[in-house]
Amino acid sequence: MAAGTALVYDGEMINHKLLWEDPTCEVEVPERLSCCYGRLQHYNLIERCILVSAREGTESEIMLIHSMDYVEVVKSTEKMEKEELQKVSAEYDAVYFHPTTYRCAKVAVGATLQLVDAVMSGKTRNGLTLIRPPGHHSQRNAANGFCIFNNVAIAAKYAQRKYGLQRILIVDWDIHHGQGIQYAFDDDPSVLYFSWHRFEHQNFWPWLSESNYDAVGQGKGKGFTINVPWNLVGMGNSDYLAAFLHVLLPIAFEFDPELVLISAGYDSGIGDPEGQMKATPECFSHLTHFLMNLANGKLCAVLEGGYHLRSLSESVCMTLKALLGDPLSPLSGEMMPCLSARESIQNVRAAHKPYWKCLTYEDVTPVQDLSTISCQAEKAELTQTNVELLSPQEVGKGDVNEVIKTDRFLETHMKSILSLKPPIKTAAAVGESGAYLLPPTVHIPKGLDMKEFKTTISAFDVKNMKEEALNLLLNMLAVLNKIIKKEVINGLAVSSTPSLSSAIAIAHCQNLKVQKVLCVFVGDMDMKIELDDDKVLLINICAKHFEQVNTKHNISLNWKEDPKTNNFFSATFGFILPVAYSYQPNLTIVIVGPNQNLGKNRISLLISLLQGLAESQILAVIQDTEEKIMQDIANILTGDFIPNFENFAPDLQENVEVIKELRAQFQQEWKLLQCSAKNFKDGK
């Protein structure tokens, strides 16, 4: 598997700038690039990347999307004076030209294609390109919304032509609808396009009916355009997370892309004058982490919008840190999507049910969005400036005091969520028989002393335990200790007594005052674990049906094996991750015990996705008879493996029904479940 993260940047793109007064366009400034690059330097991220030189995109590459006539118009601006540039600019919506625009726009295209080449050739695993002018609004014959050439759309066509790709996912998290990308692939089933955007019932720019949830594509492309319209401002981390878990990720895993392209617009972040949303920078690292589990990790992030310089630059850094495999900072705020977001998500799921197997058994019907009317007071409170913003033309730079307030918030916030990265990523205690399966970067603790864990062990009956089994327990505690003390990020251990191991691990966490522990036990547990209030959340994924009554912190998820499917997606995205992110643990433990029926790919994916929680602090404990999956899990923990899945088939209906029942039961306790529970509006 390819390693490393590419960074593509060329300071020449700073030359594109506005030469006259225009409140519509004045937020698209050269400092958008220089501030991002400076912040990457501040965090010492640049030297950790594989630097890839930009180049000019050729006319033939640009014409994969744009017409020759339009390219000639843009080219002609190179020799124009200010007055003529202003006149040509006025022929388009929210666009300006400069004598360097054609050159900068070609470099933006070429930089994007250089990133695609680096990833597709195996030179790097993933990467980020910092470019301007942006691209996702531009269309075949027109510049639009600050965008000259459609960088991401060109990249998708380029990847299809050069590498023969048949499935490309484009994720557009810019706060404006990227209609240019949608138009380019509206009838193309080989490109799945996802966009969330301010819509406000078609009262926000670009004021298009085809930005609504019922615009799903045309002809053979029906179902391959996913629009999530935000009808209120103030959407935050939980709303974005919910859209991914309940809409994008189930469909994306069914689609099974060969390449992921992100139209990475950060005007969807906190403090942005155009977006007026509340997502904090670390949210984008979590969204990136989710997408890194697709396409064997082949991911290219391409800068689009973002007009609050500090919010933009911090969000870019958090995206790059995720691409580099750094521990993820915990998401801030309560994980409770607002009613308007839940309504939009419900409508999108209903619109796409006819086209995707993952929605086959879901109870989804369109709902009328009444929350906008009933939440006017909330809207006023959430609005980040004192004016109602409807379009880029009315936005300008926003209120200076609000910019300063966001700057101050981010200064404090980033310090609070960023911690030093441990020098060692993964530690393991596996015994001599399994040591050869581990990557060379894995640390194996030695010289263990039982006295250190006497307090934890003494509470359990281990007197008659064989020496080998006892040593495995001690080794597991040694690795767990290193994770809790933040000497390593994550760890792997082998156990001959997985149920006892989970009980002892939980007890040790409590002895060391770990506030909240998520324990996911895969297989049949043969002992009851006493849970103490909110300090532990136990989810047992088992084939055997137990008569226990599910409680908020002790949940049994009965999952029947189906040899015809290799999926676990309805449980993963429809229940486990929403509950886990609602809980927000400080440490995660995954136990693979007896009679597990998920298989190594599903377990590996689950562990990989759960690494997004608890600053990526996770301990995986594997029953000694399951050593065949040890290597894959070790590679997941070190960041060197992404599981592949066979052709998608929907999960068994009885399994889906179990998930639906659990969602209905727990949607009040774990708010992220409300987006997919049948009576989602009942959530408060």
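**Exercise 1.** Into which domains is the chain of this predicted model divided?

*Solution.* The chain has two parts assigned as domains: domain 1 (5–336) and domain 2 (424–649). Taken over C-alpha atoms, their centres are separated by 37 Å.

**Exercise 2.** Describe the interface of domain 1 and domain 2 by its contacts and its buried area.

*Solution.* Step one is the contacts: 23 residues of domain 1 are in contact with 23 residues of domain 2. Step two is the area: the two domains bury about 2000 Å² between them, and 63% of it is on carbon and sulfur atoms. On the side of domain 1, Leu245, Phe253 and Asn293 lose the most area to domain 2, together 26% of what that side buries.

**Exercise 3.** Locate the largest pocket and describe its lining.

*Solution.* Begin with the volume, which is about 780 Å³. The lining has 34 residues, and Leu324, Gly325, Lys425, Thr638 and Gly639 lie nearest the centre. Elements giving two or more residues are α10 (309–323), β9 (424–429) and α21 (630–638); β9 gives the most, with three. By class, 14 lining residues are nonpolar, 14 polar and six charged. Both domain 1 and domain 2 give residues to the lining, so the largest pocket lies between them.

Terms used
Residues numbered from 1 in each chain as written. Predicted model: local features only at pLDDT ≥ 70, side-chain atom pairs only at ≥ 80, totals over all residues. Heavy atoms only, no water. 1 Å grid on protein atoms, 1.4 Å probe; cavity = no way out; pocket = protein on both sides within 12 Å on 5 of 7 lines; lining within 4 Å. Points joined across faces, edges and corners; volume = space filled by probe spheres on them. Helix = DSSP H or I, 4+ residues; strand = E, 2+ residues; numbered from the N terminus. Nonpolar A, V, L, I, M, F, W, Y, C, P; charged D, E, K, R; others polar. Domains from an automatic or database assignment. Contact = heavy atoms within 4.5 Å. Buried area = accessible area lost by both parts, 1.4 Å probe.
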